[in-house]
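Have the sequence and the 3D view open as you read.

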Amino acid sequence: MKETQNFTEGNILLSLVRFALPVLAALFLQTMYGAVDMLVVGQFAAAADVSAVSTGSWLMQLITSFVVGIAMGTTVLLGRKLGEGKPEEAGKIIGASVVLFLLIGIVITFLMELCAVPVARIMQTPPEAFDATVMYVRICSAGSLFIVAYNVLGSIFRGIGDSRMPLITVAIACVFNIAGDFLLVGVFGLATAGAAIATVCAQALSVVISILIIRKKKLPFSFGRKDIVFDKKRMGSVFRLGLPIAFQDLLVSISFLAITAIVNSLGVIPSAGVGVAEKLCGFIMLVPSAFNQSMSAFVAQNMGAGKAERAKKALFTGVGLSLAVGVFMAWLAFFHGDLLSGLFARDAAVIAAAAEYLKAYAIDCLLVSIMFCMIGYFNGCQKTLFVMIQGIVGAFCVRIPVSLFMSRLKPVSLFKVGLATPCSSIVQIALCLGYFILLSRKKLLPEQER
């Protein structure tokens, strides 16, 4: 199949770039998918609605991060089995994953509907935006099964070396979401509720259409309804491998929610400003994020094939490419944050607050170019427990304490609050480099353990 790639042979740079480009395009569209809500609401509604969508989006992003983390277990296992030359196992892994994520989706729906109000209170949502935030979360939570299916489809195809199908999936969702936002928010004036309804409907339509497309595709292994069974062993393998990644992503998201709560306590303008800045950061961090996902699939196949040195070369290649783009994005965020923020808000005070916060993220643009690639490398090596540990250290030992400390310095500066993120990245990079050296010296990488 032309859509799938064998990462164990050929030029590393070309193979990695060829796979990463569709991932980058899919991430761009997915970020647009989330940012359109903020953009349209910012243009057609009040600051309170912007704050509501900002806070609500973070809560839903927390859930999505958890799902994507667990799904990484599917990506890595599929890549591993293909690298080992065992394609017959791939269909069974996918079937077990379908059942696993169906159960996860049901649980998420129930919990989020039940916890929308108390979580909004914990987030210290501004009073003006409280009811709208709860409404946004509850509407989006009703579509949790679609959120799960939407992300699992992408993880499966990345695992078999196909980064084009996830691009098609997210493109479908993005088009429907943009159309829905302009119709429901811009035309019918439904504000926060309209943005949430458009999000759920877009994901549902994307999943349905994507499944119809997939049914006509040929897979590099056999897969049918007979494979969709409650397979405790394979479900356990996916869950055990993905859980540390999911837990790390969940805690990192919680740490950013904590920062959002800290900023929310400063008032609706800082809350809306940071919400705008966070949406922009999704675009600014696209390239490192693309290499993070691509690295996991690339390394998993090569580790399965026993080619550890090739996996290391891919890591260095990814870091170099990501850094080259990171320099430009850092310059753009630091010196032109006001122009970028103006895309998502009309209120001058909100734009100024977002631009101030973006200056701190400009520093992080350089750091995550290294960190994200290393995390993707460790995920591909199945060292997901370490990924979880370094994420927890960065989130709870650095990011939250620093942001809380900075928020209490008078006069309050969103730039200083934002510095918590690059401070965390520095610590995490140090941990990653130390662990990489330890693995290399003690020869603890997976293919050498066998």
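## A walk through the predicted model

Phe-239 counts as partly exposed because its relative accessibility is 30%; buried means under 20% relative accessible area, exposed over 50%, and partly exposed lies in between (1.4 Å probe, protein chains only). This is a predicted model, in which local features need pLDDT of at least 70 and side-chain atom pairs count only at pLDDT 80 or more, while totals for chains, interfaces and linings use all residues. Residues are numbered from 1 along each chain as its sequence is written, and side-chain values use heavy atoms, with hydrogens and water left out.

Phe-239 sits in helix α8, residues 232–264. Helices here are DSSP runs (H or I, at least four residues), as are strands (E, at least two), numbered from the N terminus. Leaving aside neighbours within four places in sequence, Phe-239 is in contact (heavy atoms within 4.5 Å) with Ile-70 and Leu-100.

Stepping back, the chain has 17 helices and 0 strands. Of its 450 residues, 59% are buried.

What about the core? The largest nonpolar core has 132 residues, and Phe-101, Val-276, Tyr-357, Tyr-377 and Phe-378 touch the most other members. Such a core is a set of buried Ala, Val, Leu, Ile, Met, Phe, Trp, Tyr and Cys residues joined through side-chain atoms within 4.5 Å. Helix α13 (residues 348–380) gives the most to this core, 18 residues. Domain 1 (10–230) and domain 2 (244–439) both contribute residues, so the core lies between them; the domain bounds come from an automatic or database domain assignment. Tyr-357, not counting residues up to four places away in sequence, touches Ile-259, Val-274, Ala-277, Glu-278, Leu-414, Val-417 and Gly-418.

How many disulfides are there? The count comes to 0, where a disulfide is a pair of cysteine sulfur atoms within 2.5 Å.

| Cysteine | Closest cysteine sulfur | Sulfur distance |
|---|---|---|
| Cys-281 | Cys-365 | 7.2 Å |
| Cys-423 | Cys-397 | 14 Å |

For Cys-281, that distance is too far for a bond. Cys-281 is buried, at 4% relative accessibility, whereas Cys-423 is partly exposed, with a relative accessible area of 33%.
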